[in-house]
Amino acid sequence: MEDRKQNNGQLTIITTHTNADFDAVGSMLAAQKLYPGALVVFPGFHEKNMKNFFVSTMVYLFNMVDYRKIEPEKIGRLVLVDTKQASRIGGVEQLLNNPGLEIHIYDHHPKLSDDIKADYEVHKPTGANVSLLVELIREKNIHVTPDEATVMCLGIYEDTGAFTYPSTTEKDFQAAGFLRESGANLTTISNLISKEMDPRQISLLNDMFSSASHYNINGREILITSVSTEEYVHDLAFLVQKMLRIENLNAVFAIALMKNKIYIAARSRTQEIDVGAVVREIGGGGHSFAAAATVKNKTLAQVENRVIQLLKKHVKSSQQAGDIMSTPAITAQSHITCREARKLLSQYNINALFVLDSKKEGSELIGFITRQVIEKALYHDLGEIPISEYVTTEFEAVGQDADIDEIQEKIIENKQRILPVVENGRVIGAITRTDLLNTLIYRDREQQAAHSAKPPGETRQPRTKQVTGFLNERLNKNIIDLLRRIGRVADAYGYPAYVVGGFVRDLFLYRHNEDIDIVIEGNGIEFARAFAREEGARTNAYSKFGTAVIIFPDGFKIDVASARMEYYKFPAALPTVEMSSVKLDLFRRDFTINTLAICLNRDRFGRLIDFFGGLRDLKEKAIRILHNLSFVEDPTRAFRAIRFEQRFEFSIGNLTAGLIENALKMDFFKRLSGRRVFSELCQILKEENPIPALIRLEDFNLLKVVDPSIKVDDRLRTMLDSARSAIAWYDLLYMEDDYRKWVVYFLVMISHADREKAGEICRRLELAPKYARIFVYERLETEQCLYRLGRKLPVKNSELYEMLSGFRTELLLYMMAATGREQIKKAISFYVTDLKDIKISVKGEDLINMGLPPSPLFGKILKRLLHEKLDGRVETRQEELELVEKIVESEQ
């Protein structure tokens, strides 16, 4: 990429996809700036008005050539912009067979298996392709004229819908800002982008509305319209965008027969409806939010049926089995007795058990057995008979991605009390009839926006108090104003809004915390996007979970979540109807102190809501779970309980402590992946002082979950204290070094392990290779270095430098913690403070200027210079140069 000039005298050709739009044209112009002297090949225009504008206004900007007049063998490099599909570059495609052709690609479309293979490629998911090229132009300080800036900016405005399409990114704004500074003419851009519909377009749009059909595909509403006209009407995509906005739809597919071709234009507002994936299978291209295709030799009916088939394949269901199932599934081996099965049912407070075949290593699901069957068996004195005799073996099952219609059919049509969710032959969850009913009710409520409906039988009211004055006292004005603005936007959408969790907890603990978590009773993503627009921020949305992150220009972030209406899933309780969605959302949290919420809506701003006694536990300095099976649902909460206990100097409640011990006894931690265990341990090690938490883990016998060989004995406590002292010493140096403190502590924790054992621990915890290398190999190298230091000290500065210079900061601090000799600690600290950053001024270029040819001698000279400087025998640059001359003389 650095050499963008002609390749050995050969030509560089720049081109794009056929039916080029403004983004493609702007990208070619930007590429021409990056490749001076390159020739531009135009494959044809998408719209008539664009062609007219090009011919009359900007043709002079391009170094154009007729591809047919170039001898192919003279072309050494092909630069493709806004595409990487061979089928979309017209006649230029034949060049791809040229031996030795160098291909460069700049594209923002999703990568596909049949993409052209490039020698150099820049791919970023920007809203407009030209934005990623403008970024390179900015980085290289390449001058852009006002006319060039206007053409490039046109591409950004067109492909982002004037920055309104969901695919728009921060880089698009930055690129447009740069082009505006370079003189982009907004009047010209506005005249071309703000299109007026001509009579033929108006007539076609009316036909599109008249023939529109609404489809509910996997729970998503999609509009498909099929029309025909004897003449070509330009800019079908513009009309589709009009429909999307007028009808406020999630997605629109327009299929138009014009003359003898069928044109498809599609737009989407949601990631769950990936129109690009659909259209690509018909031979077109595009993004998740915008796509188009041209189809020949097909009828309208054939194309429409194909679109519907592909939508069923690609549209993500709004409700899938994985979203509503209870997990983990409670199972029993087929050989256990009916009496033992009843104990399991009572222990977990459930009405059915999945039964696994004991004869096949206890993993194959053979059916289920209900409480009613067990009770009848016991009534008839059959308590000692194996449950395999009475298990229901005719049953249906679903996968994680089964949609709600499939679930409903299998439960209702088969009158099946419980439906197993299976993955790779293993039961991973359960869906009951109550789960299904709850989901269907929620879907109806969501569609009707009946968020205020009170569930039957609910009488409990939350504790509330007004804390506006307390907020004004504790928070700065900027945060207060921000929370009020959140409430105003929520009011505009009719959504109750709350700030929840650790932010509220730390308010009452008088601890600084600006990690703001917002819960919206409604569509949290819609709210987040609306609020971000008002604030000039951007959002990252996660539709599957109904969450979004609002990111402000200064990097400040707010987490937003939709309050979920489904029942809380855990293996020990039947689903129950709860009072409100915000309560359900808070009920999923780990401890009572994290369940406080403050309303932000204008008429209730500052009202604290406490459903679960969180304020009481803050006052009592107690860590308590919300329900007795909390650690069954998520055993990692035990690690968090200890982390919060030590951070806040609280105490774990007696019941909570007992339930941690119960979770250990029942071996629920065995189900956890190593990655989850290490994630929780890592959070503890990142605390300001993790040592008390590690001691508490030992008290609860939880360190064996990490590895049974790790024990907080006197040796380990001494090393941990030494590690903390070394870290505190290093932090006081204010080094510009972003090291990881948790790595130092974990090195200490596994200091007892040999290479084989350390590797086993890293594999169990699923550590990334870069960390496994530190904990296994580099740690052992430091221990060997400590041994050598112990034998050689005192040593010259240069020797000390050579022994320690290969170690990262974490390993140096670990060495200070691991050694018991004060002399070695002083040597390492001297290296860090006095030797580590010493540099020589003479470089290889200086040696060349002195007439020396490049050779291995350079390395010897520079190393000798550094050693002499470390040992204090040279100080100035002049002394370094004189020493070089002496070294050269001696070598000669």
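I began with helix H1 (residues 22–34) and helix H3 (residues 129–139), whose axes come within 8 Å and cross at roughly 20°. Axes are lines fitted to C-alpha atoms, for helices over the stretch in contact, and angles run from 0 to 180 degrees between N-to-C directions. H1 is therefore roughly parallel to H3, a label for angles under 35 degrees.

This is a predicted model: local features need pLDDT of at least 70, side-chain atom pairs count only at pLDDT 80 or more, and totals for chains, interfaces and linings use all residues. Residues are numbered from 1 along each chain as its sequence is written, and side-chain values use heavy atoms, without hydrogens and water.

I then listed who touches whom, with contact meaning heavy atoms within 4.5 Å. Among the H1 residues that meet H3 are Ala30, Ala31 and Leu34. On the H3 side I noted Val130 and Leu133, among others.

Next I turned to the sheet. It is open, has three strands in the order E12-E13-E14, and its pairing is mixed. Helices (H or I, at least four residues) and strands (E, at least two) are DSSP runs, numbered from the N terminus. Two strands pair if DSSP finds at least two bridges between them. E12 and strand E14 (365–370) are at the edges, each with a single partner strand, so one side of each has no neighbour in the sheet. I found five bridges between strand E13 (residues 352–356) and E14, which run antiparallel. Leu353 stands opposite Ile369 in E14.

How values were computed:
Parallel < 35°, antiparallel > 145°, perpendicular 65-115°, else oblique.
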